[in-house]
Every structure is written in C-alpha cells, then in structure tokens.
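Me: I am new to this structure. Could you walk me through its pockets and the place where its chains meet?

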Amino acid sequence: MIEMKNISKWYGSFQVLNDCTTKVEKGEVVVVCGPSGSGKSTLIKCVNGLEPFQKGEITVNGVSVGDPATDLPKLRSHIGMVFQNFELFPHMTVTENINLAQIKVLGRSPAEATERSLALLNRVGLSEQAPKHPGQLSGGQQQRVAIARALAMDPIAMLFDEPTSALDPEMINEVLDVMVELATEGMTMMVVTHEMGFARKVAHRVIFMDEGRIEEDAAKEEFFGSPRSERSQLFLSKILHH
Amino acid sequence: MDFSVFFQPAFSGGGIYLDWVLSGIKWTLLVSILAWIIAFSVGSVLGVLRTSHLTVLRAPATVYVEIFRNVPLLVQMFIWYFVLPEIVPKSVGMWMKQGMPLPEFWSAVLCLGFYTASRVAEQVRSGIQSIPKGQTEAGLAMGLTRVQVYRHVLLPMGYRIVIPPLTSEFLTIFKNSSVALTIGVLELTAQARQISEYTFRTFEVFTVATVVYLLITLTVTVAMRALEKKVRVPGYIGSAGK
C-alpha cells in the first residue's frame, strides 16, 4: 500500500533522512519509534507529500507522491493524518471540523456530511461534544475528534504523528483505545509513537530510526525479542522503564 | 467662548457655518470609508501574497508594501494629484485634469486607500503567520488545496487575531484623511480652517472639529469591539472581549 524506496531529504546541507526504504502492506500496522530528531515525523510527512524529499520514491497505492504530475490534494484525501497537536480548526465547531473536507473535497452535501460526522463522533464517544468548539474540549477529546475527522474521508490508510505526545497522561489511553480499535478492524496504519504498549498490542512491525536512518525494521516479536542494533537496544531500555 | 458663530450666515454659499461643518464631515466620511474599502481589499490580497511560498507572488507584494509604507503620506498625496497626470499618456492626463469629476476627491481616496493597504497587508500577514504551521498541514492533509486552506482555515482565524490592530488602521484612516486638504478636498479640517479664517473663532471651530473626530473614531472603536465580540471563538485562548 505504502512503499518507500531510498528516501533522502536535506534541510540545506543537513541530512534529515538518509536512504530510508520500507513498506506498509494493506491492513498492516507499522509503528515508527526513535529518539527525537531522528526523522520519524519527517518520514511520515513525506508519505502524503507534506514534506518534499530530494531523492528516492514513495508510492501510495501505486501513485507516486514525488511526481510533479500527481494530484496531491486528491492523493491526500485518501490518507488520513492525525497530528501531535490535534490541529482542529478553532473557529469551527466539532461537527464543522469533520464536515469541512467531506463537503469541500469529497463533494458530499452538508446533510450527508453531518450524518457521517455524527456517526463518527458517536463511535469515538463524543456525540455530546458535536456543537462545541475545540477550545472547549480536553486534549484527549480533541485528538479523538481529529481521528474522527480523518476517518470521515474514508481513508485507505492512516498516518499518526505522535498522537499522544501532547496529552496529559490520564488522557493517553482514551486516544490509544480508539487507535487499537481501528487497528483491530484492519485499518492500514503508520504510527509514530513512543507508546510501546500500543506497539506490543497491535503493531505488526516496528521501525526504529536514528539520525535519519532506519536502523531496525522488524516484525514486532523479533523487535521486542532481540533488537539487533545496539542503538535500538539502548533506546528501548530507556523508554521501557516507564 | 461663543459657539453661536456656527449659526451665523456663512461668507458664501448662502447657508450658515454649520452647513460648512456638516459638508466637511460628509467629505471626511466619504474619503475615509471609500479609502478603507480599497485598503482592506487590496491589503488583504497583498497580505496573503506576502505569506505565499512562491517567490513570484511574494516578491511583488513585498516591493509594494515597502514602497507605499515608506514614503510620507503627504508626498504620496502630491504624487497622485500633481505628478500622476503628467506621467500617464497625454490624453489620459488631460482627462484627469479637466474631464474627471472631483479630481481632488478621487486622488485622495486612491492615495489614502493604496497607502493604508500596505499597512493592512502587514497586519494580515502577521495574523496569518501567527497561526501554527500545523493548521496548514492539517488542511492540506485532508485534501484541501492551498487556496481552500487560506479560505477556510488561515483567513478566518487570521482576521480574528488582527481585529485590534486593524481597528487602529481604520481609525488612522479617518485622521489621515485630513491630509487631503493639501490637495483641496474640503473635508472637516479644511472647513474648520476656512471658518476660522472668516470668523477668527479659532478656538470654537477647532474644538468642534476635535469633538467630531473623536465622535467618529469612538463610534468606530465601539463598532469594532462589537464585531470582535461577535466573532469570538468559544474557548480559544488569546481572543479578547471578556
């Protein structure tokens, strides 16, 4: 479904991604972890073309992301994305947030969009928040709305960029629960996170990145069993303490 | 102090001096409001262009802003009124000098409008740039085009954020409209000066002019406050109007 071949990216002379190759199959959940500044977020943002890259090729469902002829908005509308800071639009109600792209991109009627939005809100347990504005919601609720907003586009894959990093500890689980449910339903997911519990529970593969390089790319059992690189061993020992 | 001067028959025109004051108010309002319409629309377009990631769009807008906000308003007034008719094709120049109705008035409107546009552009730019980059990414990620991101995400919040500084610009345009007297527009300040020359009631005349300017600007302030309150985003930190 998502295929990356030899991706390299530079900010000026600084190389943020170094020859990254990996793929995500349909229905697969891949967790990307690694220390901050290792290029995880940049890598995931390359998948839907939010970050341009200078070398290599990424294809999503056979469509090349880097090709200038590709209709990027159309490609992106098929890939849901959830951000670290939720990025709900503060001036719109929760429902309007979920409706926006359904109406403007997919061309659904407002009534159709609202029906879908309310169904999704119900699914993430936030029906009562529909008429509120994002600023009136807790962080965990906002992130669940953001997930509903991405799902409203009927995506073929979902990208998560540190979805729980900006949350207070007591709100992390309500978001992870929604993500676990999605994963068990067979959604194709690429998740940048430090939540190793989530990785253990639902991931099929774990990628470990360091200094712009994919250091490990292994099946979950293999990764948590015997990481091959010293660097990922060290990283794991640091984050698995808590 | 003797305010009865305003009810004395005017030196010319058949009415009383109060009629001169009222006529001055009319021209002050006309110049200012028409100039504001130009300033707001042109300034908004320029402000948006200033935030573009494309140099071909950004550069001309930057040049415009730097020229128009760095040349004194008085000089610009003279350029529009005295110089412009000389540098356009001869037939157009002749029409501007002799055929065009109310040449001083329209010169003042255009001058003030295009001058203030450069200042509005800077406010709009700063408003858009104060919005976190993640908001643009979220909009693009759901398949919106860049134009749609501006329309539905960046501008609605950007304008809200800059209502207070835009209020200042709107007030300034009423005060700056007095510069139009230098090219012969009989707005409020010009009329006040004229009445005081005929009646020697300098104190009374300029007291009235001051009060009228204050009334106009206070009305604008109250109206903008009401607007700010009306579009306030519930739960959004940083929006004013408790």
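Reply: One term comes up throughout: contact means heavy atoms within 4.5 Å. Note also that this is a predicted model. Ask away.

Me: Which residues does A:Gln142 touch, not counting residues up to four places away in sequence?

Reply: Start with its place. A:Gln142 sits in helix α5 of chain A, which covers residues 139–151. Leave out residues up to four places away in sequence, and the residues that A:Gln142 touches are A:Phe86, A:Leu88, A:Pro134 and A:Leu137.

Me: Is A:Gln142 buried or exposed?

Reply: The relative accessibility of A:Gln142 is 15%. Buried means under 20% relative accessible area. A:Gln142 therefore counts as buried.

Me: Which residues lie nearest the centre of the second largest pocket?

Reply: This pocket has a volume of about 370 Å³. Its lining has 17 residues. By class, ten are nonpolar, six polar and one charged. Nearest the centre lie A:Leu88, A:Pro90, B:Gln135, B:Tyr236 and A:Gln142.

Me: How much space lies in the largest pocket?

Reply: Rolling a probe the size of a water molecule over the atoms shows where empty space is left. In the largest pocket, that space is about 650 Å³.

Me: Which element gives the largest share of the lining of the largest pocket?

Reply: The lining of the largest pocket has 26 residues, and B:Thr51, B:His53, B:Thr136, B:Arg146 and B:Tyr150 lie nearest the centre. Two or more lining residues come from each of α1 (17–50), α5 (103–129), α6 (133–141) and α7 (146–161) of chain B. By class, the lining has 14 nonpolar, six polar and six charged residues. The largest share is seven residues, and it comes from α7(B).

Me: Which residues of chain A lose the most area to chain B?

Reply: Where the chains meet, 25 residues of chain A are in contact with 22 residues of chain B. The area buried between them is about 2,000 Å², with 66% from carbon and sulfur atoms. On the chain A side, three residues together give 27% of what that side buries. They are A:Phe89, A:Pro90 and A:His91.

Me: Which residue forms a salt bridge with B:Glu137?

Reply: The rule finds one salt bridge across the interface of chain A and chain B. A salt bridge needs a side-chain nitrogen of Lys or Arg within 4 Å of a carboxyl oxygen of Asp or Glu. For B:Glu137 and its partner, the closest N and O atoms are 3.1 Å apart. That partner is A:Lys45.

Key
Residues numbered from 1 in each chain as written. Chains lettered and ligands numbered in written order. Predicted model: local features only at pLDDT ≥ 70, side-chain atom pairs only at ≥ 80, totals over all residues. Heavy atoms only, no water. 1 Å grid on protein atoms, 1.4 Å probe; cavity = no way out; pocket = protein on both sides within 12 Å on 5 of 7 lines; lining within 4 Å. Points joined across faces, edges and corners; volume = space filled by probe spheres on them. Helix = DSSP H or I, 4+ residues; strand = E, 2+ residues; numbered from the N terminus. Nonpolar A, V, L, I, M, F, W, Y, C, P; charged D, E, K, R; others polar. Buried < 20%, exposed > 50% of the residue type's maximum accessible area, 1.4 Å probe, protein only. Buried area = accessible area lost by both parts, 1.4 Å probe.
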